[in-house]
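Me: I would like to learn how to read a few features of a protein model. Please take them in turn, with the general idea before the case.

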Amino acid sequence: MANTFKNAATGSNTTINPLYTCPGGTNAVVHAMYLSNVDGTNAATINLSISGSANFDHRTYILKTVEVPADSTVIIEKPINLGAGDILETQASANGDIDVFASILEIT
């Protein structure tokens with residue numbers, strides 16, 4: 001069994017945006033996520049969801065319309081377990097306002 005640490009990052013988008021897709025034959029654990037509002041003036045909201053595999057036959061929200069104040073960061077430190085084919089997705093209320101970074105352990 002091999003363990004590989006990965007990072008995934010994206011900027012915000014008002015449409016659903018894939019952040020990370022768990023490869024076939026692999027499980028993954030998202031150790032932490034950082035959702036940083038880089039807009040110095042306006043708050044923005046973020047949605048975080050999982051879709052894509054037999055485990056998630058529909059989009060399942062982990063966070064829904066969570067406000068990230070201007071110049072602030074929301075940190076998720078609880079693990080999120082993903083199976084092969086699961087897609088971790090983001091969607092924000094404003095384009096370019098929220099940077100998203102995830103620390104992920106892939107297990108093959």
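Me: How many salt bridges does a search of the whole structure find?

Reply: Bear in mind that this is a predicted model. Side chains of opposite charge can pair when their charged atoms come close. Here the search of the whole structure gives 1 salt bridge. The partners are the side chains of Arg-59 and Glu-89, at 2.8 Å from N to O.

Me: Is Glu-89 buried or exposed?

Reply: Glu-89 is buried, because its relative accessible area is 5% and the cut-off for buried is under 20%.

Me: In what order do the strands of the open sheet run?

Reply: Strands of a sheet pair through backbone hydrogen bonds, either parallel or antiparallel. In this case 4 strands make an open sheet, ordered E2-E8-E4-E5, with antiparallel pairing. Strand E2 (17-21) and E5 are the edge strands, each pairing on one side only. On average, neighbouring strands of this sheet are turned by 20° against each other, direction ignored.

Me: Over how many bridges do E4 and E5 pair?

Reply: E4 and E5 pair over 6 bridges, in the antiparallel sense. Within this part of the sheet, Leu-48 stands opposite Leu-63 in E5.

Me: Where is Thr-90 placed, and which residues is it in contact with beyond its neighbours within four places in sequence?

Reply: Thr-90 is in strand E8, which covers residues 87-92. Leaving aside neighbours within four places in sequence, the contacts of Thr-90 include Thr-10, Thr-15, Ile-16, Asn-17 and Leu-19. Also among them are Ile-46, Asn-47, Leu-48 and Val-100. Thr-90 counts as buried because its relative accessibility is 2%.

Me: Which residues form a nonpolar patch on the surface?

Reply: The patch consists of Tyr-34, Ile-75 and Phe-101, which together have about 260 Å² of accessible area. One of these residues, Tyr-34, is found in strand E3 (residues 27-37).

Me: Why does Tyr-34 count as partly exposed?

Reply: Its relative accessibility is 34%, so Tyr-34 counts as partly exposed. That class lies between the cut-offs for buried, under 20%, and exposed, over 50%.

Technical notes. Residues numbered from 1 in each chain as written. Predicted model: local features only at pLDDT ≥ 70, side-chain atom pairs only at ≥ 80, totals over all residues. Heavy atoms only, no water. Helix = DSSP H or I, 4+ residues; strand = E, 2+ residues; numbered from the N terminus. Buried < 20%, exposed > 50% of the residue type's maximum accessible area, 1.4 Å probe, protein only. Contact = heavy atoms within 4.5 Å. Salt bridge = Lys/Arg side-chain N within 4 Å of Asp/Glu carboxyl O. Patch = residues over 30% accessible without salt bridge, like charges linked within 9 Å, V, L, I, M, F, W, Y side chains within 5 Å. Areas by Shrake-Rupley, 256 points an atom, 1.4 Å probe, with all protein chains shown as cover. Pairing = 2+ DSSP bridges. Axes fitted to C-alpha atoms, helices over the stretch in contact; angles between N-to-C directions.
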